[in-house]
Amino acid sequence: MRGIELTVKCPKCDAEIDHLHYFNYELMKADVSIQKVIHNDKVMNYLDYDSWDNLCVSKDDPEYCCPECDHILFTSEAQAEAFLRGQLIYIILA
Ligand SMILES: [Zn+2]
């Protein structure tokens, strides 16, 4: 199911945006093993990462940024959601 995309205006650069960029340091877990491939009669080894898992532990607050100007608009999911719903009026004080 595809929802209706709402657009809101970035309070910093005034661009019409329908999403934010999310950045966070999250603890990840994966299985790492050596994979062998034969390429031009040579055996090559490389590390293969598989079964990625997000352990839901983060280092700092997440950052929700404008995809156009990269300004950090929010550091909480609740605020980012309210903004994308058009329910949060954002005032830049600086
Ligand atoms: Zn912007």
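View 1. V32 faces Y49 in strand β5. Strands are DSSP runs (E) of at least two residues, helices are DSSP runs (H or I) of at least four, and both are numbered from the N terminus. Two strands count as paired if DSSP finds at least two bridges between them. The model is predicted: local features need pLDDT of at least 70, side-chain atom pairs count only at pLDDT 80 or more, and totals for chains, interfaces and linings use all residues. Residues are numbered from 1 along each chain as its sequence is written.

View 2. A residue is buried if 20 or more other C-beta atoms lie within 10 Å of its own, exposed if 12 or fewer, and partly exposed in between; the C-beta atoms are placed from the backbone. In a regular strand, side chains alternate between the two faces of the sheet.

**View 3. N40 at the turn of the hairpin.** The hairpin of β4 and β5 has two residues between the strands. N40 is found in this loop. Its phi is near 55°, a positive value in a residue other than glycine. Most residues other than glycine have a negative phi. Is N40 buried or exposed? N40 counts as exposed, because it has 5 C-beta neighbours inside 10 Å.

**View 4. C56, a positive phi inside a strand.** C56 is found in strand β5. Its phi is positive, about 60°, although C56 is not a glycine. C56 counts as exposed because 7 other C-beta atoms lie within 10 Å.

**View 5. A sheet of three strands.** Which strand order does the open sheet have? The order is β3-β6-β7, with antiparallel pairing. β3 (21-23) and β7 stand at the edges. Each has a single partner strand, so one side of each is left without a neighbour in the sheet. The twist averages 45° from one strand to the next. Such angles run from 0 to 180 degrees between N-to-C directions, and the axes are lines fitted to C-alpha atoms, for helices over the stretch in contact. β3 and β6 (residues 63-65) pair over three bridges. H21 has C65 of β6 as its bridge partner.

**View 6. The largest nonpolar core.** This core has eight residues: I17, L20, Y64, C66, L73, F74, A80 and F83. β7 (72-74) and α1 (77-84) each supply at least two of its residues. A nonpolar core is a set of buried Ala, Val, Leu, Ile, Met, Phe, Trp, Tyr and Cys residues joined through C-beta atoms within 7 Å.

View 7. C10 has its place in the loop between β1 and β2. P11 lies in the loop between β1 (8-9) and β2 (16-17). C10 is partly exposed because 19 other C-beta atoms lie within 10 Å. P11 also counts as partly exposed, with 15 C-beta neighbours inside 10 Å. What does C10 touch, not counting residues up to four places away in sequence? C10 touches A15, I17, C66, E68 and C69. Residues are in contact if their C-beta atoms, placed from the backbone, lie within 7 Å. The C-alpha atoms of C10 and E68 are separated by 8.5 Å, although the two residues are 58 residues apart along the chain. For P11 and C66, 55 residues apart along the chain, the C-alpha separation is 9.2 Å.

**View 8. The whole chain.** Along the sequence the pattern is β-β-β-β-β-β-β-α. Of its 94 residues, 9% count as buried. Among contacts between residues at least 6 apart in sequence, 57% join residues at least 24 apart.

Note on methods:
Contact = placed C-beta atoms within 7 Å.
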